[in-house]
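This report describes selected local features of the structure shown below, with the criteria for each term given where the term is used.

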Amino acid sequence: MSTTAAPPAPAPLLRAHVPAPRRVTPARLARVRPLVAALSVLAVAALWETYKWLGPEQGWSLGGTRLLPRTTDLAMPHTWHMVARLFEPVSGATGADVLWLAVLRAGASSFGVALVGWTIGVLVGALLAVAMQRVTLVERAVLPLVVLSQTVPLIALAPLVRSWGARLEVGALEWQPWMSVAVIASYLAFFPVAVGMLRGLQAPDTIHVELMRAYGAGWGATLVRLRLPAAVPHLLPALRLAAANAVVGTVVAEVATGLPGGLGRMILEFANFAASDPPKPWAPIFGAVLLGLVAAGLVALLGRALRRFRRVEVAP
Amino acid sequence: MSAVQEQPASPPTPHPRGAVAVAVQQVSRVFGGRGGDVVALQDVDLTVAAGEFVSLIGPSGCGKSTLLRLVADLDEPTAGTVRVFGRSAREARLARDYGIAFQQAGLLPWRTVRANVELPLALAGTGRAGRRERADELLALVGLADVADRHPDQLSGGMQQRVAIARALAESPSLLLMDEPFGALDEMTREHLQAQLLRICAETRAAVVFVTHSIPEAVFLSDRVVVMSARPGRVRQVVPVTLDRSGATTPGSEPHDDAGDDLRNDAAFFTSVAAVRDALHGGGAAGRGVDVR
């Protein structure tokens, strides 16, 4: 069907010398991307300032429901005030850190916890997916539970995990409060991995599965040589979702369990300054955004490392 | 070597093995479905000698692919026995007695051409150096040594199919199972690959079970053509083909297509094509397993 372009010569058909269809080259993309990213940040800032300038001072309400936000300096500080605030000390106390440094510290703390949560979530999700692929009965039994698990509100879960953890004591290992946060983060992270990886493991074509069977390959060999490599294109978006979930889970769980040191707690504390120092609460929010970007970037790096598994077969 | 060989099919050299490659006895395969059972195969008998090239041909739905899948142990018969080199089909599969190729090349996209050919060897536990040597040897055999480090998506359909054939030959199987391997290719590539397959079979001395729906292809390649009929799938007739393929199968010299073209223009070729066509379109002289439909 699609081979009409094949040359009529009986000699080896070296279509491979023809270069692949032109796409945007990775090098070019790498040059343009930072520019686009910077522009989009500026665009958001411009939108913010435009509304602040044009919007009604007290917002706009309809029957008691506020549909447009207030534009006072209290509700919407100028973007440049938010940025400038980052370079001032956290508080008036002598020897207080500069704000951006405090945010970065809190971000690093949250990042560590999120990374642990992500790793646990990915491992658990992958194991669940493999088990579901191996035994159809497990898939039927577990998959609905996996979906159901995500309907439990995080806020309800956090105190439970915390109190269970506090009762745990395995040998010399004592349960640390940050572990509860990591567990909650992993609870959010495992879900996309379990679902995405299951789809990936089931992705190989019948012909490939039958070929492995014809080679006398058992389930394990088929998993390693065929199913896992074939799962990579499905797994990468799942890992990205898991990273985002782990970050959100960490920040929310820090708030819910009251874990000090991280961005979640900082958001909570700085919210008290909304009236006296309006740009200040925005700092940890920027920190959370940065954290999400770093997490997504790391998964993108992982995707680059695995890019040979993202090749697709071209049918003859 | 026993004194079994009296086949006129390949006069110059007798087959090295006297064994029977495939023995199918009274095999039936019924697929249970919602709209009742479908009889894909009924009471099929087939014997393929070692080194023999046998084609299965028939209308779609005649169960020729099903028969091949039973031999490969990718499916199990409802009744009857399938034996491959004296063992059950399952044992033969686990012992990697056969190589297999389908209509789609089925190459793993993330592996290079060489790594694809190495796959069956890796699964069999062959060492790295041995795998590489064998893969390069096979790629040279199918004329693809220069693309060994490319990926499948960089190859044409014909080249992909040749890689699949090299892969099927990886463990030097004494039996090759091929399910319309050239079905998706254009005519020129197809004839070229047929000539190459003949040469490879002459060199490796493997028995071949070859499913096709092309009469000239079956005649060109086969020692015997098994003509099947549909609903229920049965062997209607077995047409022996006697062509002098010595020209087309001489190893060594480069393009074999000329010899293949000579063969295709041979009078015996046309006679056999006519015989197979007769058998396909009802009746046939030696009415075996006469079909009433």
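The bend at a residue is the angle between two axes, one fitted to the seven residues ending there and the other to the seven starting there. Helices (H or I, at least four residues) and strands (E, at least two) are DSSP runs, numbered from the N terminus. The model is a predicted one, in which local features need pLDDT of at least 70, side-chain atom pairs count only at pLDDT 80 or more, and totals for chains, interfaces and linings use all residues. Residues are numbered from 1 along each chain as its sequence is written, while chains are lettered from A and ligands numbered from 1 in the order in which they are written.

Helix α4 (residues 136–149) of chain A bends by about 30 degrees at V142(A), and a proline, P144(A), follows within four residues. From first to last C-alpha, the 14 residues of α4(A) span 20 Å, close to the expected 20 Å (1.5 Å times one less than the number of residues). The count of buried residues in α4(A) is zero; a residue is buried if 20 or more other C-beta atoms, placed from the backbone, lie within 10 Å of its own, exposed if 12 or fewer, and partly exposed in between.

Helices α5 (residues 154–167) and α8 (residues 219–257) of chain A have axes that come within 9 Å and cross at roughly 65 degrees. Such axes are lines fitted to C-alpha atoms over the stretch in contact, with angles from 0 to 180 degrees between N-to-C directions. On the α5(A) side the contact involves L154(A), I155(A), A158(A) and R162(A), and on the α8(A) side G249(A), V252(A), A253(A), A256(A) and T257(A); residues are in contact if their C-beta atoms, placed from the backbone, lie within 7 Å.

Leaving aside residues up to four places away in sequence, S186(A) touches G117(A), I120(A), G121(A) and V124(A).

Chain B comprises 10 helices and 10 strands. Of its 293 residues, 53% count as buried. Among the contacts in chain B with a separation of 6 or more, 71% are between residues 24 or more positions apart.

Technical notes. Two residues are in contact if their C-beta atoms, placed from the backbone, lie within 7 Å.
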